[in-house]
Every structure is written in C-alpha cells, then in structure tokens.
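Here's a quick briefing to read alongside the model. Have the sequence and the 3D view open as you go.

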Amino acid sequence: MTVDEFRTLAGRLTALLDTDPAEAVRQARAIDLGGQGIEWLNSAWIRASILVDGGAASAQQDAVEEGADLFRALHEAHPGPQVSYNLANALAARAGMPGDSGWLDHQERTRVWRAEARRHFWAAANDSTADPSIRTQAWTNLANQFTYAYRLGEAHDARLAALAVDPRNGVAAGLAALDLLWLYERGGCSELTRIEAVMLARVAREHENRVRAYAGARVAERLAALADQLGEAPRRAENTDPFIRWVERERLTLAPAVELVDPSLGKLDWLMLPGILERESPPSATMPPPVFAMFNVLKADFILARDLAWRATQESGWPDTGRFADTLDYATYGPDASALVLAHRTALDLLDKVAVVVNHYFEVGLRPNKVYFGKIWRPDAEKKNGSSALAGPVDAAIRAGAHALYGLVELAEDYESEDGILRPHKDLRNAGTHRFVVLHDLGDPKGARDAPEVEHHDRDRYAREVLRALRVARSAVQMLALAIRQHEDGLKQRASGMVGTLHVPDHDWMRGRA
C-alpha cells in the first residue's frame with residue numbers, strides 16, 4: 001500500500017466510522033497485511049485504528065481486542081510515542097467503561113489491561129520528542145483512567161499537564177472542571193474549588209473547536225453547556241507570599257480537592273476527616289477515635305516534607321556550618337541537598353502510613369508492624385500459586401461504597417509493580433534510604449566516579465521528582481480521606497437507633513493559638 005493509497009483508504013474508512021462503524025470494521029478486516037516494511041506498517045496501522053474505533057462504536061468487543069493486539073505488534077516492531085498512545089487507547093477501549101453495577105468486578109477484571117494502558121499513556125505523555133498533540137491527548141486520556149478509579153488528585157495533575165502542553169486543550173480543562181464540581185457538590189471544599197471549575201469550563205468554551213477535534217461534537221456541546229451554566233468566575237486576589245505562590249503553582253495543599261489557595265482561610269492544609277461512628281463497645285465518652293491522631297500525623301509529616309522541599313530551593317534556607325571535600329564532579333553537599341533527598345523519602349514514607357490507617361480503620365487485620373503500602377491490598381499475591389484477589393475487608397469496604405479505596409489499590413500497583421508508572425519513585429526512595437544519593441548542579445552526573453553504593457542525579461531533575469513525590473503523597477492522603485468519608489456515609493445510612501456525637505475541636509483552638 002503506497003502512502004497515497006494509505007491516505008485515501010484512511011480518509012474513506014474514517015468517514016465511514018461516523019455513518020456505519022460496523023461496515024468500517026468489516027472493510028478494515030479485509031485489508032491485506034501481507035506486505036513488508038512501510039507497506040505492512042501502513043496497512044496494519046489503518047486496520048488497527050478502524051478495528052478499535054469501529055469496534056467500540058458498534059459494540060464489537062472482538063474487533064477492539066483484535067485491533068489492540070495489532071497495535072501491540074506495531075509497538076514491538078516500531079516503538080514510539082504515537083504507537084504507545086494508540087496502543088493505550090486500544091487497551092482502554094478493550095477495558096471499557098465501568099458501570100454503576102458491578103463496578104469493582106469490572107475494575108478487577110480489566111486491571112491488567114488498564115495498568116498497561118496507563119504505562120503507555122505515561123510513556124507518550126512524558127516523551128519530549130513526541131508531537132505536542134500526542135502528548136496533550138495522552139495526558140488527558142491518562143487523567144480519564146485516573147478518574148475512573150477515583151484517583152482525582154492525580155487526574156487533576158494530569159489534566160493541568162495536558163494544558164501546559166496545549167493551553168487550548170478544552171477537553172482537559174472541561175473534564176477537570178467536572179471533577180472539581182463533583183467534589184464541591186459533596187461538601188467540604190472551599191468556594192475556590194467552584195471558582196477554579198468555572199475558570200476551567202471557560203477554557204473549554206473558548207476552545208470548542210479543539211474539543212471537537214479531540215473528543216467529538218457531543219463532548220464539545222456538553223462542556224459548552226457546562227460553561228454557560230456556571231457563568232463567569234469572580235475575580236480573586238492574587239497571593240503575594242512567595243511560599244504560598246509556590247505551593248499553589250505546584251499544587252501541594254492538603255485540601256479535599258486540588259485547588260487554588262485562598263489566603264483568607266488562614267490555613268493551607270485544611271483537609272479533615274469526617275465524623276467517625278465509634279467502633280468500640282462501650283464507646284469512649286471523652287476521647288476521639290485513634291484514627292484522628294493518625295491522620296494528624298500524616299498531615300504533619302506531609303507539611304514537613306513540603307517545607308523541606310521549599311527550603312532546599314532557597315539560597316538562605318539552611319545555615320552553612322559544614323566543611324566538605326570536593327569530589328571534583330560538580331556534586332553539591334550540605335543540608336540543602338540532603339533536605340531534598342529527605343523530602344522525597346518522607347513524602348513516600350507517607351504511603352506506608354496511609355496503609356497503616358487503612359489497616360486500622362477498615363479492620364484489614366494485619367499487625368501494624370507488618371503493614372506495607374504495596375502489600376496490604378492483595379495479601380496472597382506473592383505466595384506460590386497464590387490468589388491476587390483483594391483482601392476480604394478491602395473488597396467488602398469498596399463494595400459497600402468506599403470506591404476511593406480502589407484508587408489506593410491502583411496507586412499501590414503503579415508504585416509496587418516492576419513496570420509501574422510510579423516504580424521509579426520507589427527505587428529512588430530506596431536509594432535515598434539504604435544507600436547514598438549525590439546531587440550534581442553542573443555537568444553530567446554519569447561522569448562521576450562510580451560505586452554501587454552511590455547514585456548520582458542531576459539536582460534540578462531530582463528536585464522535580466521531589467515535587468512529583470509530594471503530589472503522589474498528597475493524592476494518597478486525599479483518597480484516604482474520601483474513602484473514609486464514603487464509608488462513613490454508608491455506615492450512617494445503615495445505622496439504626498440514635499447516634500450520639502462527640503465534638504472534635506480544632507487543635508490550635510484547644511492550645512489557644514486560633
């Protein structure tokens with residue numbers, strides 16, 4: 001198939017998708033794949049594309065699966081960001097959309113396909129050589145995968161990354177607005193959550209043509225109607241404090257949603273647990289349940305890790321009291337460099353503490369000193385011929401309505417799996433904990449004298465990884481709070497009789513600091 005023949009056939013079959021997707025699939029299956037080189041590549045590409053899109057549009061799952069397998073063959077033969085992106089889309093289509101009924105069964109049944117899709121979306125989105133249109137759409141579609149698993153903080157990060165690549169990506173803006181509104185309508189968010197949703201909806205309205213190009217006319221009309229319904233965003237005062245501006249820019253507040261910073265609130269980190277129904281019998285009449293103390297420590301550790309990262313980037317952040325030997329490789333030594341490593345490690349250590357809270361609150365049943373973020377969810381996964389099923393209490397809690405708990409399950413798989421999109425963070429944390437991480441501000445870190453005990457990294461790139469680790473930790477804490485809230489809502493609906501209340505006061509107020 002020549003290039004001209006490829007373009008003609010692609011245009012005809014793509015147009016046919018809009019009118020008769022089943023016929024487009026039939027004609028795609030008739031495409032001869034007997035050629036070699038560029039001829040095979042062109043034929044396989046158009047056949048796979050039409051099978052996936054037409055199969056999804058005409059509910060032919062076998063066509064979608066056939067197209068996904070063909071894209072995998074293309075990826076093995078010609079790896080690259082565009083093939084990665086299309087393979088990811090095919091795998092996402094193969095997994096399908098979770099419905100309200102059987103939601104957890106669907107997520108479990110399709111988790112391998114969805115994990116592979118996330119890996120390929122991630123690869124395409126982070127490939128600096130890729131066309132910007134591929135990168136922005138990869139970020140957008142990765143965000144959709146996060147949203148389906150209630151990983152809403154990570155979804156918002158991904159959509160803002162999509163907008164950083166293409167500020168006219170109205171799909172990313174509009175879907176981010178919808179997620180923010182979903183959280184806002186459930187209470188607990190500040191008014192800035194709605195204001196940011198309005199601002200993002202306006203971006204989708206202003207770039208309706210780009211929405212049509214990326215997602216079709218139906219999505220464009222829906223997002224335009226949303227923008228019209230929300231109206232104009234009120235003006236807000238800009239933050240002048242450099243630390244607050246940095247926290248807002250890097251999206252590092254602990255709030256119910258990833259949102260702008262409202263200086264009038266007085267606090268950056270006001271994410272709180274909901275009311276907790278007492279489990280002990282007889283209940284304590286004077287003391288809140290231990291989960292409040294655990295959550296307080298989680299928040300405090302996150303705030304410290306964030307502060308370490310901030311101070312490490314400021315020239316006057318630390319006293320210069322040490323003398324160090326120069327290793328002649330442009331390495332940086334001192335408390336500022338160590339603070340970056342410690343910030344990364346502290347942020348990711350929070351994941352194990354999140355697992356400890358889950359174990360306690362959802363009564364998973366493990367001993368506290370045997371709880372690890374990557375292991376708690378599927379306790380038999382590493383046993384010989386063991387099951388990869390969810391732990392019974394985790395499964396039961398999700399089925400009872402704590403859907404955000406599954407976001408933590410999925411995040412743990414991305415963090416723990418050898419090929420997971422977050423695995424590099426675990427490896428970097430282990431290096432900072434058990435070996436030595438040396439940061440370089442000039443030259444090539446690979447040129448340093450090598451030793452297995454030492455890892456060398458570019459300091460600026462490492463600082464960016466610290467910010468990503470903080471956002472991962474922030475999202476995990478947000479999902480934990482949402483899962484507890486969803487679980488408590490279900491318990492209250494199922495509770496019988498009268499429920500007494502114990503007011504949990506503000507800590508600063510009790511200490512006379514409010």
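**Salt bridges and the overall fold**

R168 and D166 pair up in a salt bridge, with their closest N and O atoms 3.7 Å apart. A salt bridge here is a side-chain nitrogen of Lys or Arg within 4 Å of a carboxyl oxygen of Asp or Glu. This is a predicted model, where local features need pLDDT of at least 70 and side-chain atom pairs count only at pLDDT 80 or more, while totals for chains, interfaces and linings use all residues. Residues are numbered from 1 along each chain as its sequence is written, and side-chain values use heavy atoms, with hydrogens and water left out.

**Overall build**

- The protein has 21 helices and three strands; helices (H or I, at least four residues) and strands (E, at least two) are DSSP runs, numbered from the N terminus.
- For 514 residues, a compact globule would have a radius of gyration near 24 Å, and the 25 Å of the protein agrees with that. The radius is taken over C-alpha atoms, and the globule rule is 2.2 Å times the number of residues to the power 0.38.
- Along its principal axes, the C-alpha trace spans about 75 × 70 × 60 Å.
- Of the 514 residues, 48% count as buried. Buried means under 20% relative accessible area, exposed means over 50%, and partly exposed is in between (1.4 Å probe, protein chains only).

**Salt bridges**

- The structure holds 40 salt bridges.
- E66 forms a salt bridge with R47, and the closest N and O atoms are 3.1 Å apart. That pair links distant parts of the chain, with E66 in helix α4 (residues 61-77) and R47 in helix α3 (residues 37-57), 19 residues apart.
- E66 is partly exposed, with a relative accessible area of 27%, but R47 counts as buried at 15%.
- E455 and R435 also meet through their side chains in a salt bridge (3.7 Å, N to O). Here too the pair links distant parts of the chain: E455 sits in strand β3 (residues 454-458) and R435 in the loop between α19 (423-434) and β2 (436-440), 20 residues apart.
- Both partners are partly exposed, E455 at 26% relative accessible area and R435 at 34%.
- Salt bridges with shared partners join R114, R118, R151, E154, E410 and D414 into one network.

**A charged patch**

- D4, E5, D32 and E39 form a negative surface patch. For a charged patch, residues need over 30% relative accessible area and no salt bridge, and like charges are joined within 9 Å.
- Lys and Arg count as positive and Asp and Glu as negative, with His and the chain ends not counted; the place of a charge is NZ of Lys, CZ of Arg, CG of Asp or CD of Glu.
- D4 is in helix α1 (residues 3-19), and D4 is exposed at 55% relative accessible area.

- P234 lies in the loop between α13 (217-230) and α14 (242-250) and counts as partly exposed at 48% relative accessibility.
- P234 and M199 are 35 residues apart along the chain, and their C-alpha atoms are separated by 9.2 Å.
- Y85 is in helix α5 (residues 81-95) and counts as buried at 9% relative accessibility.
- Y85 and L9 are 76 residues apart in sequence and 22 Å apart in space, C-alpha to C-alpha.

Key: Patch = residues over 30% accessible without salt bridge, like charges linked within 9 Å, V, L, I, M, F, W, Y side chains within 5 Å. Areas by Shrake-Rupley, 256 points an atom, 1.4 Å probe, with all protein chains shown as cover.
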